[in-house]
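Subject: Structure handover

Hello,

The structure we talked about is below, with the sequence. My notes on what was found in it follow.

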Amino acid sequence: MKKSLAGFFVIFVAMSLIPPASGQGSAPTEFDQPVQVFFSSVQGQYIVSASLAVDSHNAIYLAFDVNITQYDTDYGRTIYLARSEDGGATWTVNRVLQGQVRFPRLAVGPQDELYLLYLQGLYCGANGVCDQFHLTHPSVQLIKSVDAGTTFSSPVQISSPGMTAVETGDLAVDSQGQVYLAWSEGNITFQPTGNGTVLLQFRTSSPDGVLSPIQTLATGGFYLDRTTTYQEKLSDVHIARTGDGVIHVLFGSSEVGKLYYLRFSDTNSIPSPVLVDV
């Protein structure tokens, strides 16, 4: 949760029902007031997004990104990782990445290994312009920590190379350490108005980091007009994998304001997405 007051921001945990990590003694499981995790007094600085995960010892992890320049004018951000071992009463915060990185997503594996997925590079057209002078080839990247977030591996690119439009992805990990990844990507033509195809993509990463081929789960499109509208499809992707081996994917189509869901257990037989009627 984010709270902004006159250029200040604080990130809070409003309630914790999680007991403290093993060996950390007793701690409140509910808070009468929100607990401050992170604070900045820099005017125009704010937390853009956040992701939460809990390991098998009840250590709580929170990844979030903060804009570097005032009001995020160049999309430069810092990704932080906060960790609590006492049920959320106290936190340690470390910087993980800085630059054109944003939208972190967290997941914990069966050995308490920590996976962090994030978007790197600028979205072509993020400021209403998309041509050869503003192309930066964004990508989805994955890093891993085996020491509770103290250090991370070198990033591995998950998305296809050379894409001009890549949306924030999501990840899930099963009991065997297999990582399931979903995101959307596409290309925009280099014209005053652009259009193209957006693909909802899926792949896995084995416990030792071997990536499977990319599979397309759904196809959409987008249209860009420099002076009037900017619309896109297949965004805000979420993925989960249940104990019965079923993979669940939820994603939005912001161009027409729709939400879609699909589920599958056989990657050789992907069904069509179902419209969520709300």
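Ile214 sits in the loop that links β15 to β16. Bear in mind here and throughout that this is a predicted model. Setting aside neighbours within four places in sequence, Ile214 is in contact with Ile158, Ser159, Ser160, Trp183, Gln201, Phe202 and Arg203. For one of these, Ser159, the C-alpha atom is 8.2 Å from that of Ile214, although the two residues are 55 apart along the chain.

Next, the core. The largest nonpolar core has 16 residues, and the members that touch the most others are Leu200, Ile239, Val249 and Phe251. Two or more residues each come from β14 (179-186), β15 (193-205), β16 (215-225), β18 (235-241), β19 (247-253) and β20 (258-264). What does Ile239 touch, leaving aside its neighbours within four places in sequence? Its contacts are Asp170, Leu171, Ala172, Tyr180, Leu181, Ala182, Phe202, Ile247, His248 and Val249.

On aromatic residues, the structure holds 5 aromatic pairs. One of them is Phe38 with Tyr80, a tilted pair with 4.8 Å between the centres and 45° between the planes. Phe38 belongs to strand β3 (residues 35-40) and Tyr80 to strand β6 (residues 77-84), so this pair ties together parts that lie 42 residues apart in sequence. Phe38 and Tyr80 are both buried. Together with Phe64 they form one aromatic cluster. A separate item is Arg77, which lies over the face of Phe103 at 5.1 Å from the ring centre.

Finally, the chain as a whole. How many helices and strands are there? The chain has 0 helices and 21 strands. It has 278 residues, of which 48% count as buried. Of the contacts between residues at least 6 apart in sequence, 48% join residues at least 24 apart. The accessible surface of the chain is about 13200 Å², and 51% of that belongs to carbon and sulfur atoms.

Regards

Note on methods. Residues are numbered from 1 along each chain as its sequence is written. This is a predicted model: local features need pLDDT of at least 70, side-chain atom pairs count only at pLDDT 80 or more; totals for chains, interfaces and linings use all residues. Side-chain values use heavy atoms; hydrogens and water are left out. A nonpolar core is a set of buried Ala, Val, Leu, Ile, Met, Phe, Trp, Tyr and Cys residues joined through side-chain atoms within 4.5 Å. Buried means under 20% relative accessible area, exposed over 50%, partly exposed in between (1.4 Å probe, protein chains only). Helices (H or I, at least four residues) and strands (E, at least two) are DSSP runs, numbered from the N terminus. Contact means heavy atoms within 4.5 Å. Rings of Phe, Tyr and Trp (its six-membered ring) pair if their centres lie within 6.5 Å; planes under 30 degrees apart count as stacked, over 60 as edge-to-face and the rest as tilted. A charge sits over a ring if NZ of Lys or CZ of Arg is within 6 Å of the ring centre and within 35 degrees of the ring normal. Accessible areas come from the Shrake-Rupley method with a 1.4 Å probe; for residues, only the protein chains shown count as cover.
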